[in-house]
Amino acid sequence: MGRRAKTKQGDPAPLLEVQDNAGRPSQKKLGKRKAEDVEVPGKRPTKKAREGEGKPTKVVPTKSKPKGPSKGEAKAKPAKSEKANQKKAHFEDEDEGAGSSEGWEDVEDNENLQAQAKTLFHGSDDDEYVGFEGDLNDLEMDADEDDDLLGGPAQELDLGSDDDEPELPTKGKKSKQHERPLKIIPTGSDASSDESDEDEDGPITMKNMEARSRALDARAAREAELDAEELRQAALAGEMSDDDFADVDDVDMDEQGEGVEEGEEAFELPSAEELEEEKKRGGPDVHTVQRRMRECVRVLGNFRRFAAKGRARSEYVQTLISDIASYYGYNEFLAEKLFQLFPVAEAIEFFEANEVPRPVTIRTNTLRTRRRDLAQALINRGVNLEPIGKWTNVGLQVFESSVPIGATPEYLAGHYMLQAASSFLPVIALAPQPGERVLDMASAPGGKTTHMAALMQNTGVVFANDANKARTKSLTANVHRLGCKNVVVCSYDGREFPKVIGGFDRVLLDAPCSGTGVISKDASVKTNKSERDFTLLSHLQKQLILCAIDSVQADSKTGGFLVYSTCSVTVDENEAVVDYALRKRPNVKLVETGLEFGRPGYTSFRGKTFSDKLSLTRRFYPHVHNMDGFYVAKFKVERRTKVKAAPEAETKDVDAGVEVASVAFNGDEDKPYLEEMKRKRMKQKGLRPPPRSKPAAPETAQGKAVEAAA
């Protein structure tokens, strides 16, 4: 027999032996003198018996009634059972938890013995119980005494209510089950409904959990019905004006904690001196700025109702712009310029959208693969993506990727290009056709150039130009990676292009701009743009758009189109430039862009009036379309028509001494003007004119005229 087998715990004792042990008083309670008098059965060693008494799991309550103890022994029994019940309740709370009802049977059986227990506990401690010998089966008891002690049939304990729980007088440590509160979670009001009283009266158990859940659902359904009824009544009334709805919105804001809260001071617009003091102290608190912006937006939304007396609208506007600049990190000039583009509430949405990055999008290179095959290949690599929308059949939006999206084998093989969704728009508007000659005046890094090459199916010619020679390296790399064979890369200033080469079927001018539409990508725009930058950029864009118009072949059979686009949202760089081109080139007109979405361009802005045709242009905003801010305009270039001069009136008085035959055309006098016009025509065609010839002396010409008259 092994060592473990020798020390292995024996089989559990039968129920009778446990009952025998339960009938014998505890040696710890009796003390040393009493413990010596108790005879321990020889079935188990004394050491093991003591260990069994220390464990609460070994104590098994008995439901059987003893049959025949003597009178003295029967009177002493309740005291022992009361103490055992205290111990048992304490152990059950610590070990078994509230899910077990074991150990309550003795309390039920001894409910009618409270009077005897009180007399025993109030008595002297010297009258201690003397143990008895023998088994419980040997105990005998008279029938009358049994009835008096047990007092009727046993009752089952109701766990759902604590009102009928017996009071257990104890002398030592109180049990956790003694004097339990009526409600585990007290309610805030005693006048609740019967259902709530029933639900909250007692602990949550498996039995009442379903009932409580149903009660909560029913209560929520009743509240929803009440809310719907209130809305229905308000809709039927139909007499609320716009001001009344503004009041309702204000109340809702107050209920949601966005209005004036309890204990919070009413909002007062700070004066200019107070704002200056705030700046000197280092600026206001963030929470103060947020609340001030919220209140200014509310007041400007309905200025007549909410404005303070004696305060002008311009004061609220200036305060709001100043807070926007400090909160979002703009300089005040740019914050005011962008704020003026939108209504007050929409302006806040625009500034908030600039703080969130735009979705990552890729463009499928149809020269090498199809979008379906590319999407499947990327999904197999752990990329979560889906098509951008119905307006493009080559775009994919990437949500998350387990691999670097710019270093996959598909990217290196030229199957796709990392490109913003807004960069698809100018190429879609231009719509180049196979076999055409196309010019991209500002092409780096090559997203739009390669897109046009893919649409042209590697036919025709695409001239990819960029004024910055360093940027042509990335342009060339992308052209080679994507397999575009019809692209010619060059580096010229766009303003020289009519002289370099002309006669293009279509021209794309993605002009250099301030970048106010891509602030989410380049946050430096917030602080490094001034009024001088916008003036210089606007002047450059006006020069470029005139050169682009002159580079288009007006009598092209398939084209004759120009697309002007910027990644800016300001009017100075968009509508003002387009309106300037329409005035300077009468042979140009605006046409539909072909884009199904986007807001129309401004026809008037802050006192400036533009052509009505500018409504054909399209604007895109980050807070509306979830893409970078963008502007797209499409022109159709037509042939120039010669303007016929009005015929001179022949009713002029002729002097009598002057003969009609003497009035003739003088070629020598008009020769310099004719040469100058010839030089201008050659410049427009991109040819270098010959040097100017020296004009004839005016004295000689006058002398010849005098001689001819003589």
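1. Asn365 is buried, with a relative accessible area of 1%, where buried means under 20% relative accessible area, exposed over 50% and partly exposed in between, using a 1.4 Å probe and protein chains only. Asn365 sits in the loop between S1 and H18, and, leaving aside residues up to four places away in sequence, Asn365 touches Gly414, His415, Tyr416, Ala454 and Leu482; contact here means heavy atoms within 4.5 Å. Helices (H or I, at least four residues) and strands (E, at least two) are DSSP runs, numbered from the N terminus.

2. A word on the basis of these values. This is a predicted model, in which local features need pLDDT of at least 70 and side-chain atom pairs count only at pLDDT 80 or more, while totals for chains, interfaces and linings use all residues. Residues are numbered from 1 along each chain as its sequence is written, and side-chain values use heavy atoms, with hydrogens and water left out.

3. Four strands form an open sheet in the order S2-S3-S1-S4, with antiparallel pairing; two strands pair if DSSP finds at least two bridges between them. Strand S2 (383–387) and strand S4 (416–418) are the edge strands, each pairing on one side only, and the twist from one strand to the next averages 35°. Strand S1 (residues 360–364) and strand S3 (residues 395–401) run antiparallel and are joined by four bridges, and Ile362 has Leu396 as its bridge partner in S3. Helix H18 (residues 371–380) lies across S1, S2, S3 and S4 and runs at about 155° to S2, axes being lines fitted to C-alpha atoms, for helices over the stretch in contact, with angles from 0 to 180 degrees between N-to-C directions.

4. By class, the residues of the contact of H15 with H17 divide into seven nonpolar, no polar and one charged, with Ala, Val, Leu, Ile, Met, Phe, Trp, Tyr, Cys and Pro counted as nonpolar, Asp, Glu, Lys and Arg as charged, and the others, Gly among them, as polar.

5. The other packing is that of helix H13 (residues 286–301) with H17, at an angle of about 145° and with axes 9 Å apart. Met293, Val297 and Leu300 of H13 and Val344, Ala345 and Ile348 of H17 make the contact, which has six nonpolar, no polar and no charged residues. Arg294, also placed in helix H13, counts as partly exposed at 32% relative accessibility, and the C-alpha atoms of Arg294 and Ala345, 51 residues apart along the chain, are separated by 9.6 Å.

6. Helix H26 (residues 575–584) is mostly covered, since seven of its ten residues are buried, namely Glu575, Ala576, Val577, Val578, Asp579, Ala581 and Leu582. Helix H25 (531–551) is included in what covers these buried residues, as are strand S9 (561–566), strand S10 (588–591), strand S14 (618–620) and strand S15 (630–637). Ala548 lies in helix H25 and counts as buried at 0% relative accessibility; not counting residues up to four places away in sequence, Ala548 touches Met441, Val507, Leu509 and Leu562. The C-alpha atoms of Ala548 and Gly494, 54 residues apart along the chain, are separated by 8.0 Å.

7. Most residues other than glycine have a negative phi, and most peptide bonds are trans. The peptide bond from Ala444 to Pro445 is cis, with omega near 5°, and Pro445 is found in the loop between strand S5 (437–440) and helix H21 (447–455). Ala431, in the loop between helix H20 (424–430) and S5, has a positive phi of about 50° although it is not a glycine, and Asn458, in the loop between H21 and strand S6 (461–465), has a positive phi of about 60°.

8. Finally, the cysteines. The structure holds zero disulfides, a disulfide being a pair of cysteine sulfur atoms within 2.5 Å; Cys296 is buried at a relative accessible area of 0%, and Cys484 is buried at 8%.
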